[in-house]
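Here's a walk through one protein chain, from its overall layout down to a few individual side chains. Have a look at the model first.

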Amino acid sequence: MTVPSTESVTPDLSQIIVMLEEAKDDRKRMEQEISRAFDFVHSKIDDQKSILDNLIKNMEIIDSLRQENVNLKQRVMDLETRVQEPEQYTRANTVEIQGLPEEKNEDVYALVTKDGAALDLPLTRRDIDVCHRLGKKKDSNQPASIIVKFVRREDKLNLLQKRRTKRNFSTEHLGFQHPSSPMYINESLSPTRRKVFSLARQIQKDKNYNYLWVRNGNIFIRKQQGDPAIKICSLDVIEKL
């Protein structure tokens, strides 16, 4: 048996050098690829950091605008309240009577004094500054309301108190021959507070508030007996109910 010589199986020095160079080249390429991969990852991290920084900055701007909007809303509500007060004050002596039948060539002053007499409150024409029918609501069969401005606020308050204590007050108490229908006497509200009161009535129905009333031009609501009364002075209060 012939044994191969060591020269035929052992690479010579030149081959070893070539193999080392190839290994070095492979390692260099790998290091370059790893470096490029790291650079790519770092660039993505930088991009994400930039996006995050911009997002934080935008959120701060949004928060600032939101707070500015809240402040502006509060200022508007404060101004509305300031406008409402004198507007409502002009109605301090005024009531609205609803349900009084209309008659041809009627004397509205006489109707108002007759209404007072039915409530055991003697009134004369001299007690009334001015009174007249309001415009009739479209598509309504109800008589137009009567607005009454008294000379003295005391007469207004007395009339409201008499109506509150006399339940089931109707046209029958005034001797009208029409079918009996209820009559109501309410404080006269400014257009702004009338709108607030209308929304409050809807809240009363939707959220089961038992009490809603007007006193001296101010609107109050209460959930149930014993609860504190909530004064509704703006639409913002209604939104929080």
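## A closer look at the chain

N216 counts as partly exposed at 40% relative accessibility (partly exposed lies between buried, under 20% relative accessible area, and exposed, over 50%, with a 1.4 Å probe and protein chains only). N216 is found in the loop between β5 (211–215) and β6 (218–222); helices (H or I, at least four residues) and strands (E, at least two) are DSSP runs, numbered from the N terminus. Although N216 is not a glycine, its phi is positive, about 55 degrees.

A word on the source: this is a predicted model, where local features need pLDDT of at least 70, side-chain atom pairs count only at pLDDT 80 or more, and totals for chains, interfaces and linings use all residues. Residues are numbered from 1 along each chain as its sequence is written, and side-chain values use heavy atoms, with hydrogens and water left out.

D120 sits in the loop between α3 and β2 and counts as exposed, at 58% relative accessibility.

Now for the overall layout. The domain assignment gives domain 1 (15–91), domain 2 (93–188) and domain 3 (190–240), with bounds that come from an automatic or database assignment. The centres of domain 1 and domain 2, taken over C-alpha atoms, are 67 Å apart.

UniProt, in an unreviewed entry, lists a "coiled-coil region" at residues 13–82. Over residues 13–82 the chain is 100% helix and 0% strand, with the end C-alpha atoms 102 Å apart. The unreviewed entry also lists "domain: FP protein C-terminal" at residues 191–241. Over that stretch the chain is 43% helix and 25% strand, and its end C-alpha atoms are 22 Å apart. UniProt positions follow the numbering used here, feature names are shortened, and annotations may be inferred rather than shown by experiment.

What does Q88 touch? Leaving out residues up to four places away in sequence, Q88 contacts S188, L189, S190, R193 and G217 (contact means heavy atoms within 4.5 Å). Q88 belongs to helix α2 (residues 13–89) and is buried, at 6% relative accessibility.

On to the packing. The largest nonpolar core has 22 residues, of which I97, L100, V112, I146 and V148 touch the most other members. Such a core is a set of buried Ala, Val, Leu, Ile, Met, Phe, Trp, Tyr and Cys residues joined through side-chain atoms within 4.5 Å. The largest share of this core, four residues, comes from α3. A second, separate core of 13 residues includes V214, V237, I238 and L241.

Which residues form the aromatic pair? The structure holds one aromatic pair: W213 and F220, stacked, at 5.7 Å centre to centre with 20 degrees between the planes. Rings of Phe, Tyr and Trp (its six-membered ring) pair if their centres lie within 6.5 Å; planes under 30 degrees apart count as stacked, over 60 as edge-to-face and the rest as tilted. W213 is partly exposed at 24%, while F220 is buried at 19%.

| Lysine | Ring | Distance to ring centre |
|---|---|---|
| K114 | F176 | 5.1 Å |
| K223 | Y209 | 4.5 Å |

Technical notes
Lys NZ or Arg CZ within 6 Å of the ring centre and 35° of its normal.
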